[in-house]
Amino acid sequence: MGKILNYTGKEDLVVNIPLVYGFHKENSISIPVAKNGTFNITLPTETQNFVSLIFQRQFYTLLITRNKNLTASINENNKNLELLSGTALLENKLLQKINIMENPAFMEEQAAHLYGGLNFTELNAKLIQPYLAKRDEKIDIITTSKISLKNKKLIISEVKYLAYNYLNDFARTQLNNKPAIDSMIINLFDNSIIKPEIFPAGLQYYSFADNYLRYWKPKLF
């Protein structure tokens, strides 16, 4: 439940609950919003789900849990989501604090010019290790937080799998050096474990599993 501040009534409020992973419109649920901007909805979930709250083409990642609630406000003017109260407040505040879905700088358009021609050794020093260090900083924040141990394990696993997925996407879309692509993919997944760290696993695990299967092609060749 919550309220859209400065609501003009022109934008829809939607929550997308992925079936496995990936964004598909058919998994979106429209949230009714009153003229004064207030809304209230009970979302269908059997256990836990990472979902996307969508307003003005802005995506906000939330963790919803059966029999838990959350109150939030969205400012239509600046697109700011403020989490206010509820039994699911702590874990969702944490997701905001670590900016869990933060898009790495190396996924931006100019990255191909900065890193596209580097070999694997250079990529490892300039991009991979610094990014993994930032990932580990987020894991430290989660570990020392006051959320439940179960939620810590779930969110940490999402952070880990998301790092794999971003690095995999970078190698496959931003690099133009075939030996560097293969080396990066192989080194990235060689030490990974396909078994999920927690079950039911979060959304990022299933993307990771898909990427893991694709890694076997350069590995075998």
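Predicted model: local features only at pLDDT ≥ 70, side-chain atom pairs only at ≥ 80, totals over all residues.

Colleague: Where is the kink in helix α3?

Modeller: At Ile128, shortly before the proline Pro130. The bend is about 35°, in a helix that covers residues 120-143.

Colleague: And how does α3 start, what does Asn119 do there?

Modeller: A side-chain oxygen of Asn119 comes to within 3.1 Å of the backbone nitrogen of Thr121.

Colleague: Which residues of α3 are buried?

Modeller: The buried set is Phe120, Leu123, Leu127, Ile128, Tyr131, Leu132, Lys138, Ile139 and Ile142. So the kink residue, Ile128, is among the buried ones, as 'buried' means under 20% relative accessible area.

Colleague: What covers them?

Modeller: The cover includes α1 (89-98), α2 (111-115), α4 (149-174) and α5 (178-190).

Colleague: Back to Lys138: why does it count as buried?

Modeller: Because its relative accessibility is 15%, and the cut-off for buried is under 20%.

Colleague: What does Lys138 touch?

Modeller: Leaving out residues up to four places away in sequence, Lys138 is in contact with Ile98, Asn99, Glu102 and Val159. Glu102 also comes up in a network of salt bridges that links it with Lys134 and Lys138.

Colleague: How far apart are the closest N and O atoms of Lys134 and Glu102?

Modeller: They are 3.6 Å apart, in a salt bridge. That pair links distant parts of the chain, with Lys134 in helix α3 and Glu102 in the loop between α1 and α2, 32 residues apart.

Colleague: How many salt bridges does the count come to?

Modeller: The count is 7. One of them joins Arg135 to Asp136, with the closest N and O atoms 2.9 Å apart. Asp136 is partly exposed, at 33% relative accessible area.

Colleague: What about Arg66 and Glu46?

Modeller: Their side chains form a salt bridge too, 3.9 Å from N to O. Arg66 sits in the loop between β6 (58-65) and β7 (71-75) and Glu46 in the loop between β4 (38-39) and β5 (48-55), so the pair ties together parts that are 20 residues apart in sequence.

Colleague: And their accessibility?

Modeller: Arg66 is partly exposed at 44%, while Glu46 is exposed at 65%.

Colleague: New topic. Which residues form the nonpolar patch on the surface?

Modeller: Leu19, Val20 and Tyr21, with about 300 Å² of accessible area together. Val20 lies in the loop between β2 (13-16) and β3 (28-31), and it is partly exposed at 38% relative accessible area.

Colleague: Last one: Ile74. Buried or exposed?

Modeller: Buried, with a relative accessible area of 0%. Ile74 belongs to strand β7.

Colleague: What does Ile74 touch?

Modeller: Leaving out residues up to four places away in sequence, its contacts are Lys3, Ile4, Leu5, Leu13, Leu53, Phe55, Tyr60, Asn80 and Leu81.

Colleague: And how far is Ile74 from Gly2 in space?

Modeller: The C-alpha to C-alpha distance is 8.1 Å, and the two are 72 residues apart in sequence.

Terms used:
Residues numbered from 1 in each chain as written. Heavy atoms only, no water. Bend = angle between axes of the 7 residues up to and from the residue. Helix = DSSP H or I, 4+ residues; strand = E, 2+ residues; numbered from the N terminus. Buried < 20%, exposed > 50% of the residue type's maximum accessible area, 1.4 Å probe, protein only. Contact = heavy atoms within 4.5 Å. Polar contact = N/O pair within 3.5 Å; in protein donor to acceptor, adjacent residues only side chain to side chain. Patch = residues over 30% accessible without salt bridge, like charges linked within 9 Å, V, L, I, M, F, W, Y side chains within 5 Å. Areas by Shrake-Rupley, 256 points an atom, 1.4 Å probe, with all protein chains shown as cover. Salt bridge = Lys/Arg side-chain N within 4 Å of Asp/Glu carboxyl O.
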